[in-house]
Amino acid sequence: MNNISVILIIVGIAFDLFGCIGLLRLPDLYNRLQSATKCVTLGTCSILLALFLHYGFTSVGVKALIAIPLLFFASTVGAHILIRGAYKYGLKLTDKTVVDEYKEVDQ
Amino acid sequence: MIDILLYILMGMSFLCFIRVLLGPTMADRMVAIDIFGILVVGICALLILKTGRLFLIDVAIAWIMLSFIGTIALGKYLTRNKLDE
């Protein structure tokens, strides 16, 4: 394997680890989704980019390169829809919340 | 070295299942399942590098689409059912 591939995989797994720690330890659904989606998406895209650099322009490499924007758009749009649904459902924000701007927009 | 990284990634998916067990509401559990779906894509990518089975990238792409559809279904379901407060 390439050196660059190894570095990209290790960076991606570090991002995944931080995202999962945030998923366990943050106090609120909104905080958890905000931490976990961004970190885990970027980490997994880094791993797929390492796969592309390892295999080059073969079938697997090009499929990994296609999967990167698919994962970006699918994960972020899905998280946005889920968080909007949870807000409309009426889930409470945590007690440490400073400002809630979506409530003012909604009325 | 790929083995160690694969074990770390599997441990992180175990953390996601802890959140599935602990989660107070249904949305918390669905968020954890969503994050688990993204982690499985990384596990598939590392398994390609370890074993050389090239069909696993198709499994990864299909998993991304199925996770997206499940998340959208739960989001629309949550939007229609408001709590009375």
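Is A:Ala79 buried or exposed, counting other C-beta atoms within 10 Å? A:Ala79 is buried, because 21 other C-beta atoms lie within 10 Å; a residue is buried at 20 or more such atoms, exposed at 12 or fewer and partly exposed in between, with C-beta atoms placed from the backbone.

The model is predicted: local features need pLDDT of at least 70, side-chain atom pairs count only at pLDDT 80 or more, and totals for chains, interfaces and linings use all residues. Residues are numbered from 1 along each chain as its sequence is written, while chains are lettered from A and ligands numbered from 1 in the order in which they are written.

View 1. Leaving aside residues up to four places away in sequence, A:Ala79 touches A:Leu33 and A:Thr37 (contact: C-beta atoms, placed from the backbone, within 7 Å).

**View 2. The helices of chain A.** Chain A has four helices and zero strands; helices (H or I, at least four residues) and strands (E, at least two) are DSSP runs, numbered from the N terminus. Of its 107 residues, 40% count as buried. The C-alpha trace spans about 50 × 25 × 15 Å along its principal axes.

**View 3. The side of chain A that touches chain B.** Here 39 residues of chain A are in contact with 41 residues of chain B. Helices α1 (3-25), α2 (29-55) and α3 (59-89) of chain A each give two or more residues to this side, and α3(A) gives the most, with 17.

How values were computed:
Two residues are in contact if their C-beta atoms, placed from the backbone, lie within 7 Å.
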